[in-house]
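Take a look at the sequence and the 3D structure below. Then follow the walk through the details.

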Amino acid sequence: MSHRLVTLNQFIVEQQKDFPCSEGRLTRLLSDIGAAAKVITREVRKAGLVDILGADGSTNIQGEEVQKLDVYANKTLISFLKNGGECAAIASEEDDDIVVVENAYEYTSPKYVVTMDPLDGSSNIDVNASIGTIFSIYSRISRQGKANVDDVLQKGSEQVAAGYVIYGSSTMLVLTTGNGVNGFTLDPSIGEFCLSHPDIKMRADGKIFSVNEQNYHSFNPGVKKFIDYCKEVDETAGRPYSARYIGSLVADFHRNLLKGGIFMYPSTQKAPSGKLRLVYECNPMAFIAEQAGGRATNGTVRIMDIKPTELHQRVPFAVGSENMMDQLQTHLSAWG
Ligand code: AHM
Ligand code: MG
């Protein structure tokens, strides 16, 4: 950790100073997300205990209703974003439609919309593995009145900011506002996210591949050949690569971001568009990866160039270190 303590709020205020027209509204929005993440952290840390005292739908020892964590995370984020007054609409993986914020600041309408997966990888909660919150921020397109779904269905290349929070052995928030990637670790003793990983870069020549190999039989030939290549013994080229797969996108992506690697959720026969959602999961991770020097595609097109047509649209997804992404592309071009 750096010697001078820099909190998330201080950091974003400093960064916004570089933009002379900045009114501090993005700063406020990001700090609302940071505050929600602290509240979600508190609940995630209690999850095991809550389970002992009563699962979803039952009441805990204080007589309060116990909520599923993903529902709780969704409600918490929506509440912070609504109260903050800087967000005109929220698209959440948990909700069928967008949530339009009606009573944001009356004197000037909010400029931003937020898309999010409030608690990704929730099947990992029961086994105490890392889970996360993923978010993107866009400038709204509609200038007046209520925000609408077109404000949210923008290409990833239009993202103003993106980030994720990983609830791991520490809670960490990783953020880009289009000017590199920075990581902030929550210091529980002071309740602040502190800059711990400045200017994160993804090494070009990663050595980790992350994919659910249960689906190998139904991947297309290019993906299969690439996986074979990752496992092939070639000592001079540093292969075989290590296989690492948690099944929690934030945790898998975070490891590969810090260590170098490739994560894939390709199309399968059962799920021709893959499993992951363009708006909530792939675009934010793609923005972070590119800002750290990595890349993200659906196999043919850069993820951030895809125009979403539906909120919950899925896309095949590959993200990672530059050279590994090149190798994947070479195999896809040769084998389809
Ligand atoms: P979720 O949004 O229902 O939590 O599902 C998304 C998760 C990702 O975190 C992870 O990358 C993927 O599902 C794992 O899927 P699988 O179990 O098919 O490998
Ligand atoms: Mg998810």
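What follows covers the metal site, some backbone details and the salt bridges. The model is predicted.

Start at the metal. Which residues are the protein donors of the magnesium ion (ligand 2)? They are Glu-93 (OE), Asp-117 (OD), Asp-120 (OD) and Glu-281 (OE). Along the chain, the donors follow the spacing E-x23-D-x2-D-x160-E. Glu-93 sits in the loop between strand 1 (87-92) and strand 2 (99-100), while Asp-120 belongs to strand 3 (residues 112-120), so this pair ties together parts that are 27 residues apart in sequence. Glu-93 is partly exposed, at 22% relative accessibility. Asp-120 has a relative accessible area of 7%. The cut-off for buried is under 20%, so Asp-120 counts as buried.

Next, the backbone. Arg-239 and Pro-240 are joined by a cis peptide bond, with omega about 10°. Pro-240 is found in the loop between helix 5 (221-231) and strand 10 (242-243). Asp-234 is partly exposed, at 25% relative accessibility.

Asn-128 has a positive phi of about 60°. Its place is the loop between strand 3 and strand 4 (131-139). Asn-128 is exposed, at 75% relative accessibility. Asp-199 has a positive phi of about 45°. This residue lies in the loop between strand 8 (192-197) and strand 9 (208-210). Asp-199 is partly exposed, with a relative accessible area of 46%.

Now the salt bridges. How many does a search of the whole structure find? The count is 15. One of them pairs Arg-295 with Asp-326, at 2.1 Å, N to O. Arg-295 is in strand 12 (residues 295-297) and Asp-326 in helix 8 (residues 322-335), so the bridge ties together parts that are 31 residues apart in sequence. Both partners are partly exposed: Arg-295 at 28% relative accessibility, Asp-326 at 36%. Salt bridges with shared partners also join Arg-42, Glu-43 and Lys-46 into one network. Within it, the side chains of Arg-42 and Glu-43 meet at 3.3 Å, N to O. Arg-42 is partly exposed, at 47% relative accessibility, whereas Glu-43 is buried, at 14% relative accessible area.

Definitions and conventions. Residues are numbered from 1 along each chain as its sequence is written. Chains are lettered from A and ligands numbered from 1 in the order in which they are written. This is a predicted model: local features need pLDDT of at least 70, side-chain atom pairs count only at pLDDT 80 or more; totals for chains, interfaces and linings use all residues. Side-chain values use heavy atoms; hydrogens and water are left out. Donors are N, O and S atoms within 2.8 Å of the metal (3.2 Å for Na, K and Ca); water is not among the atoms, so sites may look incomplete. Helices (H or I, at least four residues) and strands (E, at least two) are DSSP runs, numbered from the N terminus. Buried means under 20% relative accessible area, exposed over 50%, partly exposed in between (1.4 Å probe, protein chains only). A salt bridge is a side-chain nitrogen of Lys or Arg within 4 Å of a carboxyl oxygen of Asp or Glu.
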